[in-house]
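Q: Could you walk me through this one? I'd like to take it topic by topic.

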Amino acid sequence: MTYFQSIILGMIQGASEFLPISSSGHLVLAPALFGWEILPREAFIFDVLVQVATLAAVIIYYWKDLITILKSWTKSLFAGQPFRDPESLLGWYLILSTIPAGVSALLFKETLEASFSNPKFAAIFLLVTSALLLAGEFAGKRKRDLSSITWLDSLIIGVFQVLALLPGISRSGSTIAAGLLRNFDRKTSARYAFLMAVPVMTAAGLMAGYDLIRSPLLLANLPVYFAGFISAAIVGYLAIRWLIAFLSQSSLVVFALYCALAGAGFLIFY
C-alpha cells in the first residue's frame, strides 16, 4: 500500500462510515475499480486502523453527550438505581443495541470475513442499503424524538445493525432507516445511530486488536497506515457534522439513489 492509496482509502472510509452509503462496500469496491492490488492481510490491518480513526471522529463530535451518558450511567449503577434518569437509561439502550451485532459477529465470523473477498457481494448489498433507506424514508412518520425511545426501539435498531456486518450494507444507513421505521425524525435517528457506533466500533476494534498487534506488517508500514488514519478521522468528523445539518432539512433519497446507481453500475460495467 502506498501513501496515496492510504490517504484516498482513508478519505473514503471517513466519508462512507457516517454517510449512509456503506464504508465496507466502498473499501471493497474502490481497490477493484482502481486496479490496486492490496494484500488481504494488509487490507485487514488498514481497515481496523481506519475504523478506529472514525471511532475517534464520532467520540470527538459527541464527547459532551458521551460524558453525560457515561457519568449518569455510572452514578446510577453504583447507587443501585440503574434506570433512574433518562441519560442512564439511554446508556443501557445503547448497550442493548450493540448486543445483536456483537453476538452475530462472534457466531458467523468466518462467513462474514469470506463475504468481503468478492466485490460483487458488496455491489449487491449496496442495492439492499438503497432499499432500506427508501423504506425508512417513505414508511416512517418522523414524529418522535429521543426522549420517547424504549427498549424495543433500541433492540430493533440493534437488529438492523446486524445487516451492516455484510459488505455493502451501510451501518449508519441501516440503523438510521430502522430509526425512521420506528417513527423517529431523521436527525434523532442519525444521532442515535452515531452514538451507538461508539460501543460497537470499540468492541470491533478490541476483537481485531490482538491480530493487529501480532502482525509484523503493522510496524513496517505504520507511517503509511498513519496517513490513512489521519485522513479518515478528519473526513469522518466533517461527514458527521455535514450529515446532521443535511438531515435537518433534507431526505435520504439522494443517498438511496447513489447506492442503487453505484451497486447496479458495478454489476453492469465492471
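Q: What share of the residues in the protein chain is buried?
A: In this predicted model, buried residues account for 49% of the 270 residues in the protein chain.

Q: And how many helices and strands are there?
A: The protein chain has 14 helices and zero strands, and its pattern, read along the sequence, is α-α-α-α-α-α-α-α-α-α-α-α-α-α.

Q: Let's take a pair, then: how do the axes of H1 and H13 cross?
A: The axis of helix H1, which covers residues 3-18, and the axis of helix H13, which covers residues 222-247, come within 7 Å of each other and cross at roughly 25°.

Q: Which hand does the crossing of H1 and H13 have?
A: The crossing of these two helices, H1 and H13, is right-handed.

Q: Switching to the surface, which residues form the nonpolar patch?
A: The patch consists of Phe121, Ile124, Leu127, Leu267, Ile268 and Phe269, which together have about 600 Å² of accessible area.

Q: Which elements give two or more residues to the patch?
A: Those elements are helix H7, spanning 119-139, and helix H14, spanning 253-269.

Q: Where does phenylalanine 269 lie, and is phenylalanine 269 buried or exposed?
A: Phenylalanine 269 lies in helix H14, and it counts as exposed because its relative accessible area of 72% is over the 50% cut-off for that class.

How values were computed:
Residues numbered from 1 in each chain as written. Predicted model: local features only at pLDDT ≥ 70, side-chain atom pairs only at ≥ 80, totals over all residues. Heavy atoms only, no water. Patch = residues over 30% accessible without salt bridge, like charges linked within 9 Å, V, L, I, M, F, W, Y side chains within 5 Å. Areas by Shrake-Rupley, 256 points an atom, 1.4 Å probe, with all protein chains shown as cover. Salt bridge = Lys/Arg side-chain N within 4 Å of Asp/Glu carboxyl O. Helix = DSSP H or I, 4+ residues; strand = E, 2+ residues; numbered from the N terminus. Buried < 20%, exposed > 50% of the residue type's maximum accessible area, 1.4 Å probe, protein only. Axes fitted to C-alpha atoms, helices over the stretch in contact; angles between N-to-C directions. Left-handed = near helix turned anticlockwise from the far one by under 90°.
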